[in-house]
Amino acid sequence: MITVLAVGVAAALGAVARYVLNQYVQYQSPGTFPRGTWLINITGSFVLGLMVGLGARHGLPEQVLTVVGVGFCGAYTTFSTFSYDVVRLCKERRVGKSVLYGASSLTAGLLTAAAGLVIGSL
């Protein structure tokens, strides 16, 4: 029961962090490219990779991985917004931006998750 409550608290923190960071990034750099969501998903991928690396190499407790991975990262990152943004850019006839956003999100997300995993495994 404590883990469930901790996941809920971490999810609340992740959702608030996502909202605040997205608003800040979009305010600082307005435009059609979803920079806020891009940055959030990339940093979330890094944090999740780092946690997995710490768990695998240094024995980070499974409960911590669950709270941070499922709770915080699950609420912080957002695949649904990513998907929506890809479709929205296409509907706005910004296919180049859509492809750039989709490809860079997937590539950078995988690379930062791998970097986090390597760093966490040191």
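**Rings and a glycine**

Phe79 counts as exposed, because its relative accessibility is 61%; exposed means over 50% relative accessible area, buried under 20%, and partly exposed in between, using a 1.4 Å probe and protein chains only. The model is predicted, so local features need pLDDT of at least 70 and side-chain atom pairs count only at pLDDT 80 or more, while totals for chains, interfaces and linings use all residues. Residues are numbered from 1 along each chain as its sequence is written, and side-chain values use heavy atoms, leaving out hydrogens and water.

Phe82, by contrast, is buried, because its relative accessible area is 9%. Phe79 and Phe82 both lie in helix H4 (residues 79-91), three residues apart, which is about one turn of the helix. Helices are DSSP runs of H or I with at least four residues, numbered from the N terminus.

The whole structure holds four aromatic pairs. Rings of Phe, Tyr and Trp (its six-membered ring) pair if their centres lie within 6.5 Å; planes under 30 degrees apart are stacked, over 60 edge-to-face, and the rest tilted. Phe33 and Tyr101 form an edge-to-face pair, 5.5 Å centre to centre with 85° between the planes. This pair links distant parts of the chain, 68 residues apart: Phe33 is in the loop between helix H1 (2-28) and H2, and Tyr101 is in helix H5 (residues 95-121). Both Phe33 and Tyr101 are buried. The pair of Phe79 and Phe82 is tilted, because the ring planes are at 45°, with centres 5.6 Å apart.

Gly49 is in helix H2 (residues 35-58). Gly49 is buried, because its relative accessible area is 7%.

Note on methods. Helices (H or I, at least four residues) and strands (E, at least two) are DSSP runs, numbered from the N terminus.
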